[in-house]
Amino acid sequence: MEGNYDTGEQSAGGLFDDFSQMSMAIPATTGQRFLNFLIDNLLMRFGLSYVTGTLIGYLLVKLFPDFIQYYLQHGAYSAGVILLAYVIAIFNYIIYYTFCEKVFNGYTLGKLVTGSRAVRNDGQELTFKDTLLRSVIRLVPFEPLSGFGTPWHDAWTNTTVIKTR
């Protein structure tokens, strides 16, 4: 009989250890979060946007040469070209954050550099739904200004960013 009680106590101790580890998690600082934002956005704007823009431009030239010829004749800043640029930017934003935070267990390049990680408020890893919603909410106008308090992409998805080192 004592063996059964010991096993139960060890299991309960394991649960309490997991809970205490999560309660000891330290939220990332505003400075860390700002650096995450800065690093990730620089990567998206100058790296990912270049790659996707080049790829989409190549595909458009190959698949729709008349479309490209029309827009070249009507100026590079026509409404269609600007709209396409916004669609590419939104696509990059959603793909980058969703992919990185799900595949790399809450890390993006910015979070890796600053020693922070996104997790659910219960301490579990982010689900695909969590990462996708966080990414879409980042597109809400003025969302970056919410970083002075609890960012909306954290508050609205019950997630947080914690220090990892």
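This is a short exchange about a predicted model of one protein chain.

Biologist: What is the order of elements in the protein chain, from the N terminus on?
Modeller: The order is α-α-α-α-α-β-α-α-β. That makes seven helices and two strands.

Biologist: How do you know what confidence the predictor has in the protein chain?
Modeller: The mean pLDDT is 83 on a scale from 0 to 100. Of the residues, 83% reach 70 or more.

Biologist: What makes residues 1-21 a stretch to treat with care?
Modeller: Their pLDDT stays under 50. Where pLDDT is low, predicted coordinates should not be read in detail.

Biologist: Why is Glu143 called buried?
Modeller: Buried means under 20% relative accessible area. Glu143 has 5%, so it counts as buried. Glu143 is in the loop between helix H6 (128-137) and H7.

Biologist: What is Glu143 in contact with, leaving aside neighbours within four places in sequence?
Modeller: Its contacts are Ile137, Arg138, Pro151, Trp152 and His153. Glu143 and His153 are ten residues apart along the chain, and 7.9 Å separates their C-alpha atoms.

Biologist: What about Asp130: why is that residue called buried?
Modeller: The same test applies: the cut-off is under 20%. Asp130 has a relative accessible area of 9%, so it is buried. Asp130 is in helix H6. Beyond four places in sequence, Asp130 touches Arg120, Thr157 and Thr159.

Biologist: How do you know that the span of helix H2 agrees with its number of residues?
Modeller: H2 covers residues 30-63, which is 34 residues. At 1.5 Å a residue, H2 should span 50 Å. Its end C-alpha atoms are 46 Å apart, which agrees. H2 does have a kink of about 40°, centred on Ser49.

Biologist: Which residues of H2 are buried, and what covers them?
Modeller: The buried residues are Gln32, Arg33, Asn36, Asp40, Asn41, Met44, Thr52 and Leu60. The cover includes helices H3, H4, H5 and H7, and strands S1 and S2.

Biologist: How do you know the reach of H4 against the expected value?
Modeller: H4 has 25 residues. At 1.5 Å a residue, 36 Å is expected. From first C-alpha to last, H4 reaches 36 Å, close to that value. Just after H4, Asn105 takes a positive phi of about 55°.

Biologist: Which residues of H4 are buried, and what covers them?
Modeller: They are Ile88, Asn92, Tyr93, Tyr96, Tyr97, Thr98, Cys100 and Glu101. What covers them includes H2, H5, S1 and H6.

Biologist: What makes the largest nonpolar core a core?
Modeller: Its members must be buried nonpolar residues joined through side-chain atoms within 4.5 Å. Five residues form this core: Met44, Tyr93, Tyr96, Tyr97 and Cys100. Helix H4 (residues 79-103) gives the most to this core, with four residues.

Biologist: What does Tyr93 touch, not counting residues up to four places away in sequence?
Modeller: Tyr93 touches Phe37, Asn41, Met44, Ser135, Arg138 and Leu139.

Biologist: What share of contacts with a separation of 6 or more joins residues 24 or more positions apart?
Modeller: That share is 67% in the protein chain.

Biologist: And what share of the 165 residues is buried?
Modeller: Buried residues make up 27%. The accessible surface of the protein chain comes to about 11,100 Å², with 69% belonging to carbon and sulfur atoms.

Note on methods. Residues numbered from 1 in each chain as written. Predicted model: local features only at pLDDT ≥ 70, side-chain atom pairs only at ≥ 80, totals over all residues. Heavy atoms only, no water. Buried < 20%, exposed > 50% of the residue type's maximum accessible area, 1.4 Å probe, protein only. Contact = heavy atoms within 4.5 Å. Areas by Shrake-Rupley, 256 points an atom, 1.4 Å probe, with all protein chains shown as cover. Expected span 1.5 Å × (residues − 1). Bend = angle between axes of the 7 residues up to and from the residue.
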